[in-house]
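I'm opening my notebook on this one and jotting down each thing as I look it up.

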Amino acid sequence: MFSSKLRPAASSSGDLPADALCEVLLLLPAKELCRLRAVCPAWRALTSDPLFVAAHKSRHRTALPLLAMGYCDGSGVNGVAISDLSGNVVRRIPSTGYEVVRVNIASGDAIGRFTSKDDSICVVRTRLDLVCFNWNFFSGSFWVLNPATGATIDLPLGFSEEIAHELEVNPIKEYSCRRELFAFGQVSSSKEYKALRISRVDDRKVCEVITFDDTNHGSWRRKQDPPSHICTSHRMRSVVVDGVVYFLMEFCYSNYETGVITIEPGSVASFNLDTEEWTGVLRGPEQLERFLQENRGYTYSGLERELSLAELNGCLVVVHNIYDISMDLWFLTDFEKGLWVKKYSLPSHVARLFWYPFLMLDDGRIFFSGMDCLEGILSGGEQGEGFLQCYDPRNGTCTDEVKLRDPRSIGIYTGSLLSL
């Protein structure tokens, strides 16, 4: 029993044996244990010990998750805030920020500068015990934060050696290339953290992978180019589920190029972070094609705008948001057979423009991140103040839970509250 290692600290807690004290405390929710840390230094030391934190987390797997969001205080300091689902902040981790100086190439003189005080943090949609983020203006670089320790690393901005050599040979200027999408996940077998980066180089998309942790990183490695027409221009059309990155396919492009639809609506491409290989294209729910046939007023481009991806209860979900009518959630129940099941058809007051399902709890409640329709239109749906709203299918009610600076800047933190 690990509590034997904590016996010196716990022995001052009265006559209760250390093993028994540990067993009693392990039964309590993390929020209550945080309050009990004020009882005495021995209890604080016990409940803060990494062995205790790990044992508590393993026994409370159904505990409500925490949220990771960007924040900016009154002095212009940006950082990441960890909060509960009601918006109560349990820790703020300020970022060191950045400063960029513009230089006149001819004279070498500084002609201007901008800093992170004029920028804002965008948290990547992940479900990890690390938080990944970038800056909205300085968007090409990504940082990885460990909320438990406060340690932050920045991932390399430059390309892999293979792509850098290709740019030199062709030649292609690196500043003309564009980083289009980043995805972060953890490999189930090895527990390694990896990031996938899709960039546009010249007239094609290229793929790179990097392995990292909260203290160091390696180098980007060139991988096979992604399938044609994966969607990298919209953050809600890609998602990571159990170490696999999924992308919606832009099926309208095939119609523009050939005059016929060669990619089925809702089709999904996938990249396995473990094998670091693309695993082909999975056909989407057949009912999406049928929906077009039964609704003659719909176009392929209109349907494409209504589709997004989500990870709910560990499953890949294709979301069909028929604005102001219904929101259908198609769960992938069998990858090998390509079997999709529509488990939810949510009512019209949930099917709102710029609303995206974000989290599903064990009791069936679904959390959505969204923004006001007008603000979403003005920002192209990419940035603006919004909220986290909870829908309960048991009674059909919606409640606002958390006000968000940016509804696209939110992740799920799976680490323990006790480690913060």
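**Entry 1: a hairpin.** I started with β8 and β9, and found that a hairpin joins β8 to β9 through six residues. Helices (H or I, at least four residues) and strands (E, at least two) are DSSP runs, numbered from the N terminus. Before going on I noted that this is a predicted model, where local features need pLDDT of at least 70, side-chain atom pairs count only at pLDDT 80 or more, and totals for chains, interfaces and linings use all residues. I also noted that residues are numbered from 1 along each chain as its sequence is written, and that side-chain values use heavy atoms, with hydrogens and water left out.

**Entry 2: how the two strands pair.** I looked up the ranges: β8 covers residues 131–135 and β9 covers residues 142–145, and they pair in the antiparallel sense over four bridges. Two strands count as paired if DSSP finds at least two bridges between them. Which residue of β9 stands opposite Val131? I found Leu145 there. Further along, Phe133 faces Trp143 in β9.

**Entry 3: the other side of β8.** I then checked β6, which pairs with β8 in the antiparallel sense over three bridges. Here Cys122 stands opposite Asn134 of β8.

**Entry 4: the whole sheet.** I put the strands together and got an open sheet of four strands, in the order β6-β8-β9-β10, with antiparallel pairing. Its edge strands are β6 (121–123) and β10 (152–154), each pairing on one side only. On average, neighbouring strands of this sheet are turned by 30° against each other, direction ignored. For such angles, axes are lines fitted to C-alpha atoms (for helices over the stretch in contact), and angles run from 0 to 180 degrees between N-to-C directions.

Entry 5: Buried means under 20% relative accessible area, exposed means over 50%, and partly exposed is in between (1.4 Å probe, protein chains only). Val131, Phe133 and Trp135 point one way from β8, while Cys132 and Asn134 point the other way, and all are buried.

**Entry 6: a second sheet.** I found another open sheet of four strands, with the order β15-β16-β17-β18 and antiparallel pairing. At its edges are β15 (238–241) and β18, each of which pairs on one side only. Neighbouring strands of this sheet are turned by 20° against each other on average, again ignoring direction.

**Entry 7: β17 with β18.** I zoomed in on β17 (residues 268–272) and β18 (residues 277–282), which pair in the antiparallel sense over four bridges. Ala269 has Val281 in β18 as its bridge partner, and Asn272 stands opposite Glu277.

**Entry 8: two helices.** I moved on to α2 (residues 18–26) and α4 (residues 41–48), whose axes come within 11 Å and cross at roughly 70°. That makes α2 roughly perpendicular to α4; angles under 35 degrees count as roughly parallel, over 145 as roughly antiparallel, 65 to 115 as roughly perpendicular and the rest as oblique. I listed who meets whom: Leu21, Cys22 and Leu25 in α2 with Trp43, Leu46 and Thr47 in α4. Contact means heavy atoms within 4.5 Å. These residues divide into five nonpolar, one polar and no charged (Ala, Val, Leu, Ile, Met, Phe, Trp, Tyr, Cys and Pro count as nonpolar, Asp, Glu, Lys and Arg as charged, and the others, Gly among them, as polar).

**Entry 9: Gln389.** I found Gln389 in strand β25 (residues 386–392). Gln389 is buried, with a relative accessible area of 8%. Leaving out residues up to four places away in sequence, Gln389 touches several others, including Arg352, Trp355, Phe367 and Asp400.

**Entry 10: Val90.** Last, I looked up Val90, which sits in strand β3 (residues 89–94). Val90 is partly exposed, at a relative accessible area of 39%.
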